[in-house]
Amino acid sequence: MTHAINTEKVNVSDRYMQLIHNLHDDKVKINDEKLKIRGSIDIDDHGFICFPDFHFEPEYAEDGLVHGPKLIGKNFGRFMREMPKYINRNSALATCWVGVIQEFMKIGVAKEDRPSKEWHDTVEKYHILQPGFAGMNHLCPDVNIGLELGWKGLLDKVRKYREINQPENTDFYDGEELLLLGIIDWVEAHAKLAEELAEKETDPFHKQNYLRIAGMNHNLATQPPQDFREACQFIAQFQSVDRTYFAGGATNPLDRMLKPYFEKDIAQGKLTEEEAVWYLASLFFNDTHYSQIGGVSPAGDREMTSRISFVILDAMHLLGIPNNMGIRVHAPLENQGDSPEALLRRAVEYTIEDGFGVCYSLEKGITEGYAKNGYPIELGRMRTKCGCNWVAIPGHEYPLQDVTRVNMAMALHYALEDLKAEKEYSIDRLWELFQHHLSIMVNCIKEGYDKHYEVIGRNVPEIVLNLFMYGPIERGLNCANGGVDVLNLNMDGIALATVADSFAAIQQRIVEEKKMTWERLFELLDTDFKDAENERLMLHNIKRFGSPGSIAEDWALKIRDEYVHQVHDTPTPKHHLMTIPGMFSHGDVYMYGKKTPATPNGRHNGDPISHSSEPDPGFARGIDTFSPALKANAVAKTQAGYGNSAPLHLDIDTGLIENEGGVDALVALIHAHEQMDGTLINMNCVSKEKLLKAHEDPSAYPDLVVRVTGYSAFFASLSKEYRQQIVDRFLSA
Amino acid sequence: MEKKGNIFNIQHFSIHDGPGTRTVVFFKGCNLSCKWCHNPESISPKRQILFYPEKCVGCLACIKNCPGKCHKVGENGAHIIDLSTCQRCFKCCEDCYAEALVAVGEEKDADYVMREILSNKPYFDYSGGGVTFSGGECMLQVDFLSELLKRSKEAGIHTAVDTAGNVPWERFEKILDDTDLFLYDIKAFEPERHKELTGVDNKRILENFEKLVASGKEVFVRIPCIPGSNDDQLPLISNYLEQFPQVTAELLPYHAMGNSKYIALGSKPQIDIPNMDKKVAARLKEKYHFI
Ligand code: SF4
Ligand code: SF4
Ligand code: SF4
C-alpha cells in the first residue's frame with residue numbers, strides 16, 4: 001500500500017490569490033491588445049506577447065531562405081539575444097515568447113530537396129492541406145534532460161559529442177552550439193533586467209521578487225536548476241524557446257518532472273504549497289505547453305499521481321486562463337490508494353465550475369492500441385498526452401503527429417466523378433473507386449514522409465527538441481533522421497461520418513428504396529442541391545452514423561477498417577518507415593469543408609466536414625434521442641486502434657449536471673469511455689444561455705474560455721466561424 | 001414467438017431516474033391521463049403522428065400520397081390534418097424528409113432493446129447505475145417488461161421500474177423478483193381529486209403501494225408538483241407517507257417541457273404555466289420532508 005496522498009485543495013492566502021488574479025487580468029488585457037493588433041486566432045492561444053515594434057534582420061542563404069542547421073542556429077541564437085526581454089510584475093518567473101520565428105525570417109526547404117511536381121499535383125488535386133512533408137515538432141521532448149544538465153550542461157554535451165563523433169560535416173553541432181550560446185545570453189539578460197526592475201521597485205515584496213528572479217537567472221546561465229522554483233523557471237525558458245521555433249508545444253508529464261524538487265523543498269521547509277501554486281500559475285501564464293498529470297508507471301504497477309498533481313490542478317483552476325493540461329485516466333490499480341480517483345473528481349468539479357478544464361487522456365485505448373504495432377506494452381504506458389489530441393513517448397519517439405490530414409470526403413468526391421463517367425452505376429463500384437482514390441491520398445503522404453526523412457535534417461532540423469531527446473546529440477543526427485530509436489509516422493483520417501453517412505444515404509435511398517436515381521444524385525451534387533431542398537433532406541435525414549444499429553454505422557466501420565489497412569499494413573515505399581493511423585480533425589473541419597464539394601449525405605458544397613471519428617451533430621433519430629453516451633459509443637467503436645487518438649468532444653449543458661449526480665455521471669462516462677477503448681475526451685460545461693450571449697457579443701465575455709477541440713482558447717479570440725462551430729456542437733447536444 | 005413491445009424513446013444517459021447513470025426505456029401507452037403529462041405522446045398505446053409545421057418545406061408529398069386524404073391545404077395556406085379517415089399506413093411520415101411529420105412509437109423486440117441497454121453497461125458499472133423502464137405505463141406491457149427485466153438481471157444490471165401503479169397487483173407479482181427498485185408516482189391523495197386530475201381514482205394505486213412496501217422491495221416515491229393543480233395534495237401525501245418511514249419521497253417540480261408535443265399531436269396542453277421556481281420547490285421540499 002502506498003502512503004496516503006494529501007488530496008485537499010491548497011490553502012492560498014490573500015497575497016498569493018491577489019498575485020494570481022493579477023496574472024489572470026494581465027493575460028486578458030494582453031489578449032485584448034493582441035486581438036486589436038492581429039485579429040482572431042483560431043489555433044491554440046499559446047500566450048505569446050506581441051511586440052509590434054520588434055524587428056529582426058535575418059541572414060539568408062543565397063536562395064533567399066534560411067535553411068541548414070548552422071544558418072538556423074546562427075539566426076536563432078541572435079534572435080534570442082535580440083528579442084524583447086520580459087518579466088511580469090505579478091509573476092514568479094521571467095521570460096515570455098514574442099511569436100514564432102518563421103514570422104521574422106523565411107525558413108524553408110531548399111528547392112532541390114522538395115518533393116516532385118507529381119507529388120505537389122496530387123496534394124493540390126485532393127486538397128491535402130497538411131501533407132506531412134516538412135511538418136515540424138509534434139514529438140515529445142523529455143525536459144528532464146535539460147533539468148539535469150542546465151543550458152550550460154547541454155552546451156558541454158554538444159561539445160563532448162562533437163569531439164567523440166568528429167563528423168566531417170559539422171553543421172549539426174554548429175547549429176546546436178550557436179543556438180545554446182544565444183539562449184545562455186538571453187537567460188543572463190533576464191537576470192540583468194530583473195536587477196534593473198528591482199532597483200526601481202519600491203514595494204518590498206516585489207523588490208525581493210525581482211531580486212530572486214535575477215538570482216535564479218544568473219544561476220541558470222551556468223548551472224542546472226537547484227530547487228522547485230528554478231526548475232519552474234527553466235521549464236518556462238524551455239517553453240519560450242520551443243514555442244518560438246515552429247510553435248513547439250509538447251512536454252513530458254509535469255507532475256513527474258517536478259515531484260522530486262517539490263518534495264525535497266517542502267521537506268526542507270524551503271517551499272510552501274501556496275508558493276508552489278503561484279510559481280505554477282506563473283508558468284501557465286508564460287505558455288500553454290501541453291502536458292499530462294496522473295497515469296501509471298511504465299511497468300503498470302504504480303500510480304504516478306502525487307501531491308504535486310493536485311497542486312498543479314489548483315494552480316490552473318485559480319489562474320483561469322486557457323491551459324492544455326491532460327489527466328491520464330485508467331482503471332484503478334490494486335493497492336495504490338484512491339488519489340487518482342480524487343484527482344479525476346477534482347478535475348471534473350473544476351470543469352463544471354469553470355466551464356473548461358483539463359482534457360482526459362485514456363489509458364487502455366492508447367496503451368493497448370500502441371502495443372498492437374509490435375511495441376512492448378510498457379512503451380505504450382509511456383506514451384504521454386503532449387499535444388492537442390495526441391500522445392508520444394517523451395525523449396524516445398519521433399511520431400510526427402498532427403501534421404497530416406486525409407480528407408476522405410475528397411476520395412469520395414473523385415470516386416463519384418469517376419463513377420459518373422463510367423455510366424454503369426453500383427455502390428460496389430463506388431466503393432472500389434473510393435478505395436482507389438483513398439490509396440492515392442495515403443500513398444502521397446507516405447511518399448512525402450520518405451522525402452521528409454531524407455532531407456529535413458539538413459534543411460530544417462529540430463534544433464530545439466534535439467537537445468531534449470535521447471540520441472540526437474549523442475549520434476549527431478536530427479531526431480527525424482535516425483536521431484531517436486522509435487520512428488513511426490502518424491496519419492490522421494478525417495470526415496469519417498461525412499463519408500459513412502454518404503454511403504448509407506446512397507444505399508438506402510438509391511439502392512434499397514429506389515427513391516432517387518444515380519443520375520439525379522450526380523445532378524444534385526453538381527448543382528449543390530439547388531432548388532432541391534426536399535431531396536437534400538431525403539439524403540440527409542437517414543439514420544446517421546451514431547444511431548445504434550444503423551447501416552451508416554456499418555459503413556463507418558468498413559471505412560475505418562479500409563483506412564487503417566491502407567495506412568498501417570504497408571510502410572512507406574522507399575525507406576519502409578512505419579505509419580500509424582489516427583482519426584483527428586482539429587478545429588479545421590471548416591477549412592477542409594470549404595474545399596470539399598457537396599456530398600451525398602446532403603452536405604452543401606463548402607460546409608464543414610465531420611470531426612474526428614465523431615458522428616455529425618443531430619445524428620440521433622427515431623426512438624434514440626441524443627445523449628453523450630450514444631456519441632461516446634460511436635467514437636469508441638470507430639477508433640483507429642493503434643494508439644493514436646480519435647477524440648470525443650462533449651459539450652455539456654450545465655443544466656444537465658448541476659444536481660448532485662452530475663459529477664458522478666461524468667466521472668462514470670470518462671471511465672466507461674476508457675474501458676470501451678476511447679482515447680481522449682475534450683469537455684466543455686457551459687450554460688446554453690451564456691454561450692449564445694457570448695457568441696453574439698464576444699467582447700462582453702473576455703474571460704470565457706472554451707475547449708475548441710484538443711486545445712482551449714479564449715472564446716472572444718476565435719473567429720466567428722470557430723465560435724459558430726462550438727455553438728452548433730453545443731446546441732445539437 | 002419473440003415478444004414485442006411498443007416503445008417511443010430510449011434515453012441513454014439519464015441521471016434523474018434512479019441511482020447512477022441509467023438507460024431509460026419509455027413504453028408507449030398509459031391508463032391515466034394526467035392533466036400535466038409531459039410525455040403526451042406516451043398516453044396512447046398506438047403509433048401516432050406528430051406534426052411540426054415549422055419544419056415543413058412544402059413538398060406536398062403527404063398530400064399527394066395519403067390514401068386517407070387526411071392532409072389538406074386550407075384556405076389560408078395552412079396545412080390541415082384530419083385523421084378521421086387515417087389508415088395508419090404512416091406513409092406521410094416516411095415521405096416527409098423534412099421531418100415535419102414524424103411517427104412516434106415503434107414495435108421493437110426484446111433483442112433490440114437489450115442490445116441498446118447492454119451497449120451502456122460500462123456506464124452502469126462505473127456509476128452504480130442501470131436500466132429504468134418508464135413510460136407511459138410500462139406495466140401495461142407486463143410480459144415484455146418482465147422479459148427485459150429478467151434478461152437485464154441475468155446480465156448483472158440494476159433494474160428499476162417507474163410506474164403510476166394503476167394495474168392489478170398480479171402484474172407486480174410477475175416482476176417483483178427481477179426488479180431492484182420501484183419509482184412509484186403518487187400524484188394526489190384524495191381519490192376524487194386524483195380522479196379529477198388523472199382520470200382515475202387512486203384506490204388501487206395506494207393499495208398496490210402498500211403491498212409493495214410490505215413486500216420489502218425498495219420503493220422510491222415521486223410526487224409531481226403542479227402549482228394550481230395538485231399542490232393542495234402535498235400535505236396529505238406527506239402525512240400519508242409518514243407511516244412508511246423506510247420510503248424516501250422526491251418532489252418533482254413542474255416543467256413545461258412537453259407542451260410543444262401537445263401541439264404537434266394536434267391538441268392543446270391543459271396546463272400552461274411557467275416552470276416551477278427553484279426556490280419555491282426547495283421550500284415545499286423542506287416543509288413536507290421530500291427530497
Ligand atoms: S411531406 Fe412534410 S414537408 Fe412535405 S408538405 Fe408534407 S409536411 Fe410538409
Ligand atoms: S398514416 Fe397514412 S392514411 Fe394516415 S395520414 Fe398518414 S399517409 Fe394518410
Ligand atoms: S401517468 Fe405519467 S405517462 Fe401516464 S398520463 Fe400521467 S404523467 Fe403521463
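Start by selecting domain 1 and domain 2 of chain A: 30 residues of domain 1 touch 33 residues of domain 2, where contact means heavy atoms within 4.5 Å. This is a predicted model, in which local features need pLDDT of at least 70, side-chain atom pairs count only at pLDDT 80 or more, and totals for chains, interfaces and linings use all residues. Residues are numbered from 1 along each chain as its sequence is written, chains are lettered from A and ligands numbered from 1 in the order in which they are written, and side-chain values use heavy atoms, with hydrogens and water left out.

Next, show the strands of chain A in the order β1-β2-β3-β11-β10, an open sheet of 5 strands with mixed pairing. Strands (E, at least two residues) and helices (H or I, at least four) are DSSP runs numbered from the N terminus, and two strands pair if DSSP finds at least two bridges between them. β1 (291-294) and β10 (648-653) of chain A each have a single partner strand, so one side of each has no neighbour in the sheet. On average, neighbouring strands are turned by 30° against each other, direction ignored.

Zoom in on β3 (residues 359-362) and β11 (residues 680-686) of chain A, which run antiparallel and are joined by 2 bridges. Tyr360(A) has Ile681(A) as its bridge partner in β11(A).

Axes are lines fitted to C-alpha atoms, for helices over the stretch in contact, and angles run from 0 to 180 degrees between N-to-C directions.

Move to helices α1 (residues 14-38) and α9 (residues 273-286) of chain A, which pack at about 5° with axes 10 Å apart. That angle makes α1(A) roughly parallel to α9(A), a label for angles under 35 degrees. Residues making the contact include Leu19(A) and Leu23(A) of α1(A), and Trp278(A) and Phe285(A) of α9(A).

Finally, select ligand 2 in the viewer. Of the 13 residues around ligand 2, Cys66(B), Cys86(B), Cys89(B), Phe90(B) and Cys92(B) come nearest; a residue counts as near if one of its heavy atoms lies within 4 Å. Around ligand 3, the residues include Cys30(B), Cys34(B), Cys37(B) and Lys187(B).

Key: Angles under 35 degrees count as roughly parallel, over 145 as roughly antiparallel, 65 to 115 as roughly perpendicular and the rest as oblique.
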